[in-house]
Amino acid sequence: MAELKDEILKVLTDLVRIRSTADRPDELKRVIDYAENYLSAPSIIKKRYEKNGKHSLVATFHDTMEPEVMFVGHMDVVEAEDWQFEPKIEGDKILGRGVIDMKGPDAVMLKMFKDIAGSGGKPNIGLMLTTDEEVGSENGVEYLLKEVGWGARFAVIPDGGGSFNIVYRGKGVVHLKARAKGKAIHGSMPWLGENAIDKIIDFYTELREQFPKEPCGDPIHWHNTINIGRIEGGKVVNQVPDFAEAHLDIRFVEPWSSRGMFEFVKKYADRHGVELELISRGEPVETDPNHPYVQAFKRAAESVLGRDVKLVVEYGATDGRFFAEKGIPNIVTCAEGGGAHSRDEWARISSFPQLYEIMMKFLEESGL
Ligand SMILES: [Zn+2]
């Protein structure tokens with residue numbers, strides 16, 4: 001166990017020191033080079049990819065594009081202060097950029113694949129490592145699944161949910177820009193102009209009525225939501241504005257799809273002379289909580305941790321949405337830690353060997 005922990009810590013320390021942020025393409029390459037070198041065992045089949053400066057690696061033990069279970073990790077991190085790229089250890093805590101989101105879990109998965117190869121095992125599993133999750137995954141997971149043709153029967157993504165909870169449901173998302181044009185005129189004669197801000201307000205007011213009002217009574221709020229995150233328009237108090245723009249964040253549950261939601265919002269936009277632009281989208285994740293692999297993972301986690309493990313929902317988007325879009329059931333889970341994207345990002349060191357044991361036990365429970 002000490003060897004396991006030390007090795008994971010060493011890999012994690014190496015990974016944190018590589019400043020793999022979106023604006024450092026050389027480091028994005030270097031972090032994938034590191035993973036490739038680490039998985040040097042000849043029984044591991046490694047495929048490298050690069051799209052728009054974002055590097056990825058997929059490792060398998062079988063010559064297949066569709067392993068039974070795909071483990072998924074991103075090796076990019078969000079920007080941080082210099083000192084966060086040198087991990088600090090305080091007792092059972094490690095602090096540094098990416099320790100929980102998600103270079104710690106990456107280190108666990110790398111170690112697991114290396115050990116499986118070392119023991120002569122050849123399970124039909126894959127490890128997908130990408131470098132653009134923090135900026136939308138377009139050139140990573142989305143590219144590998146949609147364009148390169150990678151698939152799986154199930155995916156495990158240790159990138160959220162908090163402390164070994166198992167996320168089996170996630171909401172879909174559409175981010176939209178709504179724009180209105182008008183006709184400027186002096187504010188004392190509004191009847192001669194056309195007020196762009198009024199258009200946006202009328203559009204949003206009508207649209208918002210189509211979503212549940214809070215408090216809604218549903219404790220997990222498993223319903224569609226809308227948030228207006230930004231609004232701008234107009235210049236001065238005494239002028240009818242000829243321009244206004246609002247940014248909308250809509251989260252939705254099945255059976256809605258991102259396309260269906262966009263069309264729905266567009267009906268209201270058209271009615272008020274508002275133009276809509278899709279900024280980003282993701283489909284909802286709905287994995288059957290009774291799926292044999294979900295249950296196997298739960299049993300594995302409960303046996304390693306010696307406590308109950310919860311099946312939970314997540315409101316933020318994860319890479320699970322791309323697997324869901326391809327009909328691949330998936331779960332998101334995590335080691336213990338917190339403060340992702342903040343100055344205080346931390347992880348519990350002893351939770352990494354636990355995650356390792358859980359994943360190994362999951363493979364055993366699943367007959368892989
Ligand atoms: Zn609610």
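This is a predicted model: local features need pLDDT of at least 70, side-chain atom pairs count only at pLDDT 80 or more; totals for chains, interfaces and linings use all residues.
How does Lys46 count: buried, partly exposed or exposed? Lys46 counts as partly exposed, because 15 C-beta neighbours lie inside 10 Å.

Residues are numbered from 1 along each chain as its sequence is written.

Helices (H or I, at least four residues) and strands (E, at least two) are DSSP runs, numbered from the N terminus.

**Lys46 and its surroundings**

- Lys46 sits in strand β1, residues 45–51.
- Lys46 touches Glu36, Leu39, Leu57 and Ala59, leaving aside residues up to four places away in sequence. Contact means that two C-beta atoms, placed from the backbone, lie within 7 Å.
- Lys46 and Ala196 are 150 residues apart in sequence. In space they are 54 Å apart, C-alpha to C-alpha.

**The sheet with β4, β5, β19 and β18**

- Strands of a sheet pair through backbone hydrogen bonds, either parallel or antiparallel. Here, two strands pair if DSSP finds at least two bridges between them.
- This open sheet of 4 strands runs in the order β4-β5-β19-β18, with antiparallel pairing.
- β4 (88–90) and β18 (337–338) stand at the edges. Each has a single partner strand, so one side of each is left without a neighbour in the sheet.
- β4 pairs with β5 (residues 93–95) over 3 bridges, in the antiparallel sense. Glu90 has Lys93 in β5 as its bridge partner.
- Helix α3 (residues 99–118) lies across β5, β18 and β19 (346–348). α3 runs at about 45° to β19. Such angles run from 0 to 180 degrees between N-to-C directions, and axes are lines fitted to C-alpha atoms, for helices over the stretch in contact.

**Helix α9**

- Helix α9 covers residues 351–365. Its 15 residues should span 21 Å at 1.5 Å a residue, and its end C-alpha atoms are 20 Å apart, which agrees. The expected span is 1.5 Å times one less than the number of residues.

- β11 and β13 (residues 243–252) pair over 8 bridges, in the antiparallel sense. Ile231 has Ala246 in β13 as its bridge partner.

**Helices α5 and α6**

- α5 (residues 196–208) and α6 (residues 258–271) pack at an angle of about 140°, with their axes 9 Å apart.
- That makes α5 oblique to α6. Angles under 35 degrees count as roughly parallel, over 145 as roughly antiparallel, 65 to 115 as roughly perpendicular and the rest as oblique.
- Phe203, Glu206 and Leu207 in α5 meet Val265, Tyr268 and Ala269 in α6.

**Backbone details in loops**

- Most residues other than glycine have a negative phi, and most peptide bonds are trans.
- A cis peptide bond joins Glu214 and Pro215, with omega about 0°. Pro215 is in the loop between α5 and β11.
- The peptide bond from Glu254 to Pro255 is also cis, with omega near 10°. Pro255 is in the loop between β13 and α6.
- Asn52 is not a glycine, yet has a positive phi of about 50°. Asn52 lies in the loop between β1 and β2 (54–60). Asn52 is exposed, with 10 other C-beta atoms within 10 Å.
- Ser137 has a positive phi near 70°. Ser137 lies in the loop between β6 and α4 (141–148). Ser137 is buried, with 24 other C-beta atoms within 10 Å.

Conventions: A residue is buried if 20 or more other C-beta atoms lie within 10 Å of its own, exposed if 12 or fewer, and partly exposed in between; C-beta atoms are placed from the backbone.
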